[in-house]
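Please look over the sequence and the 3D view, then read on.

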Amino acid sequence: MGDRHMAEDIVQETLIRAWRHADRLCANEGSMRGWLLTVARNLAIDRIRSAYFRHESPGVEHQGTLQSDHADTVASSVDVVALLRQLSQEYQEVLVHIYLHDRTVQQTAHLLGVPAGTVKSRQHYALRQLRSRVRARTATAAAAETAAA
C-alpha cells in the first residue's frame with residue numbers, strides 16, 4: 001500500500017468483517033486464513049481503485065508537502081557521466097552493460113566476446129577507480145569549503 005496507516009485501516013476493516021461473519025467463518029470448511037487474506041486483498045484493491053478514480057496516489061500525502069526539485073538528481077547524473085568518461089572504454093562498456101542495461105556477468109561477457117572472469121575483473125577495477133575519484137572530489141570540495149570559511 002505504501003502507507004502504514006492505510007495498511008492498518010485495511011487490517012482493522014478485515015477483522016471487523018471477520019467479527020461480523022464469525023458464525024459463517026467458523027462453520028465454513030475452508031481456511032480461515034485464506035478468507036482473511038482474500039478479504040484484505042479485496043479491500044486493498046478497492047482502496048487503490050478508488051484513489052485511482054479520484055486521480056490520487058494511494059499512500060501518498062500531498063497536503064502541506066513541497067514537491068522536490070529534481071536539480072540535484074540532474075547534477076548527480078552529470079557528475080556520474082563525467083566520472084564514467086574518465087574510465088577506459090573497456091571499463092565503461094562493462095559498467096554500462098551491468099548497471100544500466102541490468103545484464104548479468106555472463107550476458108555481458110557474451111556480448112563483449114570476453115570471458116566472464118574478465119568482465120568481473122573490469123567491473124571490480126572500474127568501481128575501484130570510480131570510488132577513488134569520488135573520494136578525491138569530496139576531499140577537494142571539503143578543502144575548498146574550509147578555505148572559503
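Which residues in H6 meet which residues in H7?

## Where H6 meets H7

On the H6 side, the residues are Val105, Thr108 and Ala109. On the H7 side, they are Ala116, Val119, Lys120 and Gln123. Sorted by class, this contact of H6 with H7 has four nonpolar, two polar and one charged residues.

The axes of H6 and H7 are 8 Å apart, and the helices pack at an angle of about 105°. Angles of 65 to 115 degrees count as roughly perpendicular, so H6 and H7 are roughly perpendicular to each other.

## The model as a whole

The model is predicted. The protein has seven helices and zero strands, and along the sequence the pattern reads α-α-α-α-α-α-α.

Of the 149 residues in the protein, 18% are buried. The accessible surface of the protein is about 11,600 Å², and carbon and sulfur atoms account for 55% of that surface. Among contacts in the protein with a separation of 6 or more, 57% are between residues 24 or more positions apart.

## Where H5 meets H7

Two packed helices are described by the angle between their axes and the distance between the axes. Helix H5 covers residues 89-100 and helix H7 covers residues 116-148. The angle between H5 and H7 is about 100°, and their axes lie 9 Å apart. H5 is therefore roughly perpendicular to H7.

H5 brings Glu90, Tyr91, Val94, Leu95, Ile98 and Tyr99 to the contact. H7 brings Val119, Arg122, Gln123, Tyr125, Ala126, Leu127, Gln129 and Leu130. By class, the contact of H5 with H7 has 10 nonpolar, two polar and two charged residues. Val119 and Gln123 of H7 take part in this contact with H5, and Val119 and Gln123 also meet residues of H6.

Side chains of opposite charge can pair when their charged atoms come close. The structure holds two salt bridges. One joins the side chains of Arg4 and Glu8, with an N to O distance of 3.0 Å. Arg4 and Glu8 are both in helix H1, which spans residues 4-20, and are four residues apart, about one turn of the helix. How is each of the two classed by accessibility? Arg4 counts as exposed because its relative accessibility is 64%, where exposed means over 50%. Glu8, at 39% relative accessibility, counts as partly exposed.

Another salt bridge is formed by Glu13 and Arg17, whose closest N and O atoms are 3.1 Å apart. Glu13 and Arg17 also both lie in helix H1, four residues apart, about one turn of the helix. Glu13 has a relative accessibility of 27% and therefore counts as partly exposed. Arg17 is likewise partly exposed, at 34% relative accessibility.

Thr38 is in helix H3, which covers residues 32-53. Thr38 has a relative accessible area of 42%, so this residue is partly exposed. How far apart are Thr38 and Thr14 in sequence and in space? In sequence, Thr38 and Thr14 are 24 residues apart; in space, C-alpha to C-alpha, they are 9.3 Å apart.

Tyr125 is found in helix H7 and is one of the H7 residues in contact with H5. The relative accessible area of Tyr125 is 38%, so Tyr125 is partly exposed. Tyr125 and Leu87 are 38 residues apart along the chain, and their C-alpha atoms are separated by 9.9 Å.

Most residues other than glycine have a negative phi, and most peptide bonds are trans. What is the phi of Asp102? The phi of Asp102 is near 55°, a positive value in a residue other than glycine.

Asp102 lies in the loop between H5 and helix H6, the latter running over 105-112. With a relative accessible area of 67%, Asp102 is exposed, the cut-off being over 50%.

Definitions and conventions: Residues numbered from 1 in each chain as written. Predicted model: local features only at pLDDT ≥ 70, side-chain atom pairs only at ≥ 80, totals over all residues. Heavy atoms only, no water. Salt bridge = Lys/Arg side-chain N within 4 Å of Asp/Glu carboxyl O. Helix = DSSP H or I, 4+ residues; strand = E, 2+ residues; numbered from the N terminus. Buried < 20%, exposed > 50% of the residue type's maximum accessible area, 1.4 Å probe, protein only. Axes fitted to C-alpha atoms, helices over the stretch in contact; angles between N-to-C directions. Parallel < 35°, antiparallel > 145°, perpendicular 65-115°, else oblique. Contact = heavy atoms within 4.5 Å. Nonpolar A, V, L, I, M, F, W, Y, C, P; charged D, E, K, R; others polar. Areas by Shrake-Rupley, 256 points an atom, 1.4 Å probe, with all protein chains shown as cover.
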